Amino acid sequence: MHEKSIQTLEYPKILAKVAREAAFSASKDLVQALLPTADIAEARRRLAYTTEASRLIDLNADTGVRGAHDIRTLLARAARDGVLSPGDMVVVMATVRSTLYVARLLDRLDGEAFPLLHALGADIPQRPVIVRRIEETVSEEGEVLDTASPTLRKVRLDLRTANQRLQERLRTLVNEFGSSLQEAIITTRNDRYVVPVKSEMRGQVRGIVHDQSSSGATVFVEPLVIVELNNRLRELQVEERQEIERILRVLSGDIGKEAEALKIAVELLAEFDLHLAKARYGRMTRSSEPRLNEQGIINLRNARHPLLTGKIVPISFNMGQDFSMVVITGPNTGGKTVSLKTVGLLTLMAQAGMHIPADDDSEIAIFQDIFADIGDEQSIEQSLSTFSSHLSRIIEILRTIEEERKHSRPDIHGKMAEELVQRNTRPVNVLVLFDELGAGTDPSEGSALARAILTFLLDRHISTIATTHYTELKAFAHEQKNVVNASVEFDVETLSPTYKLSIGLPGRSNALAIAQRLGLDNRITRGARRFLGSAGVRMENLLEDLQSEHKVAAEERYQLNMERVEAEYQRKQLESERKDLEVQRVKILNEARAQARQELDAVMRDLAKVRIDAQHGRVTRERLQASRQQAHVLEEKVAAIPEPRPQRPIEEQEKLEGPLQIGDSVRVLSFGQNAELVSLSADRSEAEVQMGALRFRVGVDNIERLSKRKAASEERRSSYAERPQLIRTDIEEREPVDLQLDMRGWRVEDALSELDTYLNDAALSGVGSVRILHGKGTGALRQAVREQLLHHPLVKSFISAPPKEGGDGVTVVTLSA
């Protein structure tokens, strides 16, 4: 990227703000070194890291690296057999603890929701042994612990004993030489214990003089009787220091052996903290992840310059689809330069992997380079005027673009490459930003030069945004294909800019309107209009009319949008109410049908009893006729209740997916019949099925797997249609009932409901006994079936089938005669 343009767009200031969110020096260095990338895959990867980090902060607000330090210099010293101090050990311990915490935190994340951070955590080397060794050796305050080694523990015990003995002896001497001492205290000189003796009493205390007070009135004497005790104390102190140095050397060696792994851990920790810093800054600026493209399309929605403070007016900007060049016009301090910088800076941020302060449906193009000529570049040292300074920058930019065009296709060389350059058919994916193009010189020459520069860039398909005051450039943007006008609005009534950017509408300088508003004599403003000329006046009037029409159109679009939103809201409300009414309708119908079915089932049971009594001569004709009449009335009642539409076909609900298994119930598609899967070929391309007494082989693509519930229901579909059609008062007209009910695989509630119906139909058909095939399984279905049979009025008795006919998996039911 063009270094000067990066500085011009104030990208380093963004990095400084992001760096403040980093937790330690290694990650701050990564932030400061973060440059935009021209590789769209890398830019998307960086943005994805930032998005995952932001979501992680949502889950855990205090997510961080917890006291990590950049210990790479300490690791390098340890790797070179250097000895780390206890304080260094504490820093290493805190950092390794942080790597363990972060690695375990990222490992617990969902790999699908946080793929990048989860993978980052898996790459962090974990060395818990180093933490444990340092914890056993050094305290949190940086002191070597007694437990660091048995030798150190013994030396320190001896040291405390020797010191205690020496102190006791000194206190005794102080009492003995009380009158000879300047003060009754014990002090030290040259790391040896002494007592302060009066100079004139020096002969009363035998010992070694170590020091004398500045006045000469006091000498500090080590009494001879404690010389050996002092010597022993010094020896033990030397032993302690040597043992501590040995312990630190060994521990430093252990750290040095893991230096490379720990260095990688620190670098990955810094990378994780970099992503957190980007995410935190993005949350502070209410930013979102933009979409990226390589087609030069920029579509910013309510974008805000991240360095502005106070009340910020967002801008919406787009280019790259219908046009690749935008010419922004409008009054000074109206926001032209801010708009220019906002587009450039947000593009740099997105290419660096940062979220941008704009709506989440915004889109940013990836550019190979961004060139910006913004601001007053007058240089007194180089004797350059503002115009000359700007022009020097523009010349540099145009030369660089030409060089990049020559190298944009390295596979094309020589004469062919030169021809492509001459024909302007070799595109360069760069963004050019010009502020006040052509300003600082004669207006006619400046506007002509500006138009020529823009034409040069337009011919080379360079994405360009330029600001200007020149009316000629407004006309140029209006006339040229692939170029569009834009303007920043100005409120003449309040004499203040609105900072709103309008694409497709040229701006007005408003100089005469502002002068008139400020109170300039009308005669002067009228004269100015005459000097402006008829063409200039017509242009200003045209621009004023265009702005008025644009404002009216914008208000109409807003009103239409509000009406559309209201209509959509009303539609959703009506749809919701319709769904609620449908749910209530289905519920009422289901309850009515359930109640009617219960009443009908009760009448059916009574009718079966009447039939049995009639066979034994225990019922009158009137009672039989009354029961038939009651059943007929209930049949009509059930039939009159409409069947609610099912949510989806039963076939869709009960068709089983998954691999075929021996014993499955299947449908042979070519026959339209159900069968049992007996075996499969080795390559699972053919299947052997049993269909009644017939066994044959078919291709697996000719069968579909069914649930046992569906298979059984299909076998009885012809004889078990809807209940109201089944029940007839004329018993002799009833169709025959199967002698076996297969309910294997059914749910208990479904099985019991079907069992009651089946027994009623069997009794009305005159069947004496039936078989209930429920299977063995856990025994829950068998137990529920037999409990219902035990209290059923139509059941005389029931037993398990013989072992050869199914045993406890089949119940044989004898019905009442």
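How many helices and strands does the chain have? The chain has 24 helices and 23 strands, where helices (H or I, at least four residues) and strands (E, at least two) are DSSP runs numbered from the N terminus. The model is predicted, so that local features need pLDDT of at least 70 and side-chain atom pairs count only at pLDDT 80 or more, while totals for chains, interfaces and linings use all residues. Residues are numbered from 1 along each chain as its sequence is written, and side-chain values use heavy atoms, with hydrogens and water left out.

Of the 817 residues in the chain, 44% are buried; buried means under 20% relative accessible area, exposed over 50%, and partly exposed in between, with a 1.4 Å probe and protein chains only. A contact means heavy atoms within 4.5 Å. Among contacts in the chain with a separation of 6 or more, 66% join residues 24 or more positions apart.

Arg46 lies in helix 4 (residues 40–59) and is buried, with a relative accessible area of 17%. Leaving aside neighbours within four places in sequence, Arg46 is in contact with residues including Leu34, Pro36, Lys278 and Gln351. Gly335, in turn, belongs to the loop between strand 8 (325–329) and helix 12 (336–351). Gly335 counts as buried because its relative accessibility is 12%. Beyond its neighbours within four places in sequence, Gly335 touches Val488 and Tyr499. The C-alpha atoms of Gly335 and Phe490 are separated by 9.7 Å, although these residues are 155 residues apart along the chain.

A search of the whole structure finds one cavity of 30 Å³ or more. On a 1 Å grid over the protein atoms alone, a cavity is a set of points where a 1.4 Å probe fits but cannot get out, and lining residues have an atom within 4 Å of a point. Grid points are joined across faces, edges and corners, and a volume is the space filled by probe spheres set on the points. The largest cavity holds about 80 Å³ of space. Its lining has 13 residues, of which His390, Ile394, Leu437, Gly438 and Ala439 are the closest to its centre. By class, eight lining residues are nonpolar, two polar and three charged; Ala, Val, Leu, Ile, Met, Phe, Trp, Tyr, Cys and Pro count as nonpolar, Asp, Glu, Lys and Arg as charged, and the others, Gly among them, as polar. Helix 13 (386–407) and helix 15 (443–459) each supply at least two residues of this lining, and helix 13 gives the most, with four.

Helix 15 deserves a separate description. Its 17 residues should span 24 Å at 1.5 Å a residue, and its end C-alpha atoms are 24 Å apart, which agrees; the expected span is 1.5 Å times one less than the number of residues. In helix 15, Gly446, Ser447, Ala450, Ile453, Leu454, Leu457 and Leu458 are buried. Seen down the axis, the buried residues of helix 15 fall within an arc of 135 degrees, so they line one face of the helix; the arc is that of the directions from the helix axis to the C-beta atoms. An α-helix has 3.6 residues a turn, so residues three or four places apart point the same way.

Backbone angles complete the account. Most residues other than glycine have a negative phi. Helix 15 is followed by His461, whose phi is positive, near 55 degrees. Asn190 also has a positive phi, near 55 degrees, and is found in the loop between strand 1 (187–189) and strand 2 (192–198). With 58% relative accessibility, Asn190 counts as exposed.

Notes. On a 1 Å grid over the protein atoms alone, a cavity is a set of points where a 1.4 Å probe fits but cannot get out, and a pocket is an open set with protein on both sides within 12 Å along at least five of seven lines; lining residues have an atom within 4 Å of a point.
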